[in-house]
Amino acid sequence: RPKLHDFIQTRSEVVQRSDAIFQMLKQRKLDLTIQEIFDFTREGVFQGTQLLQGRKTVGKVLFDIRKGALMHQKHQRAAESIILSRTSSLAKKMSNISSENAPQTLDEAYNVQAL
């Protein structure tokens, strides 16, 4: 199956073709059908992937990264807290506990450990 890299060899070609596509989008020369927009979260990605794999789409499936980015920041802070706790004394560990950084579900806790 042909891929973009089979046709574009240099960075300048990528930039040139990308600019052309964005210009067509701005001028509304491209007609895109957006079927569904999911949050870029574990559940949203799961739902979107199920839709795509089930071949139940007639338009684009988009993932909104704004919510996913907020969740990632929360997980990143929790991961940093875990890493710091591995080198801290027990008293220091206890003083750093914050409900804001603590994973709320077991699923979130696994995500934090994976960072």
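Arginine 55 is found in the loop between helix 2 and strand 2. This is a predicted model.

**Arginines with positive phi**

- Arginine 55 has a positive phi near 55°, in a residue other than glycine.
- Its relative accessible area is 76%, so arginine 55 is exposed.
- Arginine 28 is not a glycine either, yet its phi is positive, at about 60°.
- Arginine 28 sits in the loop between helix 1 (11-26) and strand 1.
- Arginine 28 is exposed, because its relative accessibility of 74% is over the 50% cut-off.

**Aromatic pairs**

- The structure contains two aromatic pairs.
- One of them joins phenylalanine 40 and phenylalanine 63 in an edge-to-face arrangement.
- Phenylalanine 40 lies in the loop between strand 1 (34-39) and helix 2 (42-53), while phenylalanine 63 belongs to strand 2 (residues 60-64).
- The pair therefore ties together parts that are 23 residues apart in sequence.
- Ring pairs also bring in Phe38, linking Phe38, Phe40 and Phe63 into a cluster.

**Exposure of the paired rings**

- Phenylalanine 40 is partly exposed, at 44% relative accessible area.
- Phenylalanine 63 is also partly exposed, with a relative accessibility of 29%.
- Neither residue counts as buried, because buried means under 20%.

How values were computed:
Residues are numbered from 1 along each chain as its sequence is written. This is a predicted model: local features need pLDDT of at least 70, side-chain atom pairs count only at pLDDT 80 or more; totals for chains, interfaces and linings use all residues. Side-chain values use heavy atoms; hydrogens and water are left out. Rings of Phe, Tyr and Trp (its six-membered ring) pair if their centres lie within 6.5 Å; planes under 30 degrees apart count as stacked, over 60 as edge-to-face and the rest as tilted. Helices (H or I, at least four residues) and strands (E, at least two) are DSSP runs, numbered from the N terminus. Buried means under 20% relative accessible area, exposed over 50%, partly exposed in between (1.4 Å probe, protein chains only).
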